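Let's take a walk through a protein model together. Keep the viewer open and turn it as you read.

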Amino acid sequence: MLPSQALLPAVVFALTALQALASDTFIAAVYEHAVILPEPTEEPVSPSDALALMNKNMDVLEEAIKEAAQKGAHIIVTPEDGIYGWRFTRESIYPYLEDIPDPAVNWIPCTDPSRFSPAPVQERLSCMARNNSIYVVANIGDKKPCNSSDPKCPRDGRYQYNTDVVFDPQGKLVARYHKYNLFRGETQFNYPKEPEAVTFETPFGKFGIFTCFDILFYEPAVVLVSKMQVDTVLFPTAWMNVLPFLTAVEFHSAWPMGMGVNLLSANTHNTSMAMTGSGLFTPEGPVAYHYDSATEEGRLLLAELRAHPRLSSSYPPAVNWSLYATSIKKFPGENDTFSGAVRKDIFTFSELRHKAGNHTVCQGDLCCHLVYRMSNKSKDEIYVLGAFDGLHGSVIKYHWQICTLLKCLSTNLSTCGQPVETAQTRFEMFSLSGTFGTSYVFPEVLYSGVQLAPGEFEVLRDGRLKSKHGTSKPLITATLFGRLYEKDLPHPLRT
């Protein structure tokens with residue numbers, strides 16, 4: 001007979017499972033972590049020094065996990081790079097890596113730490129999950145040996161992967177995901193040979209997982225939702241905010257509205273690298289989010305979410321994103337256009353010269369339509385309607401279609417498309433639509449101060465993004481962000 005102390009985690013897990021089964025909701029948490037970074041070096045540190053740094057970060061994460069569990073959370077997501085940071089070469093990151101086995105081995109590192117190679121990080125994460133009876137999601141590094149029989153084996157005889165792991169409330173490893181779309185600069189890691197669609201079942205729905213840059217690509221992001229039919233996506237990220245369309249909370253709240261799933265987004269926090277913005281997002285919009293570019297503090301977020309959002313009576317209906325826009329002719333009015341750059345993407349813009357009007361602007365196969373009325377147009381502010389239909393990116397190129405109502409940085413039209421965080425102008429109404437060639441379109445509305453607008457806009461079945469009762473705060477942008485995955489160029493680095 002097992003001692004009562006050993007039975008306790010199993011009993012707590014069973015009670016947690018029963019509680020979750022009794023409800024169609026669950027409590028989710030994400031933690032935005034201000035990562036303690038190692039000193040930059042091209043030379044590897046000792047394994048003990050590497051572990052000491054990782055333990056400092058895990059000390060902080062453990063406190064967040066305990067707090068989340070005490071508040072009733074069933075699962076917590078922590079950020080990409082949250083345990084050791086990102087200042088590495090291929091050689092210098094090696095002491096921080098562990099060999100992470102396939103979850104099929106049915107392993108609880110907390111109770112059986114010596115079963116595989118030394119894995120103190122996996123052991124500690126497993127114990128955090130087990131001791132607090134909560135699913136723990138973390139991002140660490142995986143190493144896998146290889147040899148000359150593998151023609152793709154790196155010269156140093158090993159593969160290194162940016163990896164997410166999930167431990168269940170008993171501490172068992174239930175998911176391992178190797179990041180498939182590495183961001184530029186992640187030269188310390190290898191690309192997996194094949195994309196992974198990683199899912200696992202819980203008492204409160206089917207979960208999928210991917211990392212940061214993955215969210216912009218068909219594999220694995222669309223595959224998990226459209227083919228694997230997950231209910232919730234776990235999303236560790238180290239997202240550098242890029243206005244006007246790719247600020248973390250802005251795009252990460254838009255993506256689940258376009259895809260129809262929950263998204264648990266945990267970002268790293270580093271203001272010098274413009275990293276902030278985490279949240280708990282649903283098909284109906286954000287439930288809780290955090291954006292802080294002023295302090296260096298972490299933040300824990302919790303919210304109750306529907307376990308099976310597709311079964312909800314409030315689940316958004318299917319949208320034909322081009323129906324309205326293709327049914328109308330060009331609006332009358334001022335259609336003078338000019339070109340402007342959003343980073344390196346050349347948009348076609350049309351200035352909104354009056355307080356109200358109808359506008360059309362086209363580029364390539366995309367025509368964007370806007371009906372609007374401003375309530376208090378500031379003389380010092382200019383807004384434009386913009387369209388972009390083309391490839392984005394310098395090395396890795398992927399196809400965007402974007403319709404946007406956008407505030408310019410100044411009254412000089414050459415500043416249209418440059419980052420803007422504040423505004424003074426509010427709108428009594430706006431209705432934005434476009435002739436999109438894709439069903440994957442993500443609606444964004446961003447207010448002054450990089451604030452979201454939950455409940456203040458809607459997407460109609462015919463593809464119109466409309467304000468409900470005007471804007472309660474000054475508007476930075478209202479955007480329909482489309483992805484034509486089938487027009488992406490072949491990946492030049494995945495060899």
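How many residues lie between β6 and β7 in the hairpin that they form? There are 2 residues between these two strands. Before going on, some ground rules: this is a predicted model, in which local features need pLDDT of at least 70 and side-chain atom pairs count only at pLDDT 80 or more, while totals for chains, interfaces and linings use all residues. Residues are numbered from 1 along each chain as its sequence is written, and side-chain values use heavy atoms, with hydrogens and water left out.

β6 pairs with β7 (residues 205–209) in the antiparallel sense, over 4 bridges; two strands pair if DSSP finds at least two bridges between them. One spot to look for is T202, which stands opposite G205 in β7.

Is N181 buried or exposed? With 3% relative accessibility, N181 counts as buried. Its side chain makes a polar contact of 2.8 Å with the side chain of D214. A polar contact is a pair of N or O atoms within 3.5 Å; within protein, one must be able to donate a hydrogen and the other to accept it, and residues adjacent in sequence count only if both atoms are side-chain atoms. The side chain of N181 also reaches the backbone oxygen of E219, at 2.9 Å.

Another asparagine to visit is N139, in strand β3 (residues 135–145). N139 counts as buried too, at 1% relative accessibility. Its side chain reaches the backbone nitrogen of D81 at 2.9 Å, and a polar atom of that side chain lies 3.2 Å from the backbone oxygen of T163. The chain also brings E80 here: N139 and E80 are 59 residues apart along the chain, yet their C-alpha atoms are separated by 5.1 Å.

Time to zoom out. The domain assignment gives domain 1 (25–311) and domain 2 (322–487); such bounds come from an automatic or database domain assignment. The C-alpha centres of the two domains lie 32 Å apart. Contact means heavy atoms within 4.5 Å, and 28 residues of domain 1 are in contact with 29 residues of domain 2.

What about the inside? A nonpolar core is a set of buried Ala, Val, Leu, Ile, Met, Phe, Trp, Tyr and Cys residues joined through side-chain atoms within 4.5 Å. The largest one has 107 residues, of which L125, L234, W255 and L264 touch the most other members. Helix α2 (residues 47–70) gives the most to this core, with 8 residues. Both domain 1 and domain 2 give residues to this core, so it lies between them. Apart from it lies another core, of 28 residues, among them A387, L405, V445 and A453.

Next, find the open sheet of 7 strands, with antiparallel pairing and the order β13-β14-β17-β18-β24-β20-β21. β13 (338–342) and β21 (451–452) stand at the edges with a single partner strand each, so one side of each is left without a neighbour in the sheet. Further in, β17 and β18 (residues 398–407) pair over 10 bridges in the antiparallel sense, and Y398 in β18 is the bridge partner of H392.

Finally, the rings. The structure holds 31 aromatic pairs. Rings of Phe, Tyr and Trp (its six-membered ring) pair if their centres lie within 6.5 Å; planes under 30 degrees apart count as stacked, over 60 as edge-to-face and the rest as tilted. Y383 and F427 have ring centres 5.2 Å apart and planes at 80°, so this pair is edge-to-face. Y383 lies in β17 (residues 383–392) and F427 in β19 (residues 427–434), so the pair ties together parts that are 44 residues apart in sequence.

Definitions and conventions
Buried < 20%, exposed > 50% of the residue type's maximum accessible area, 1.4 Å probe, protein only.
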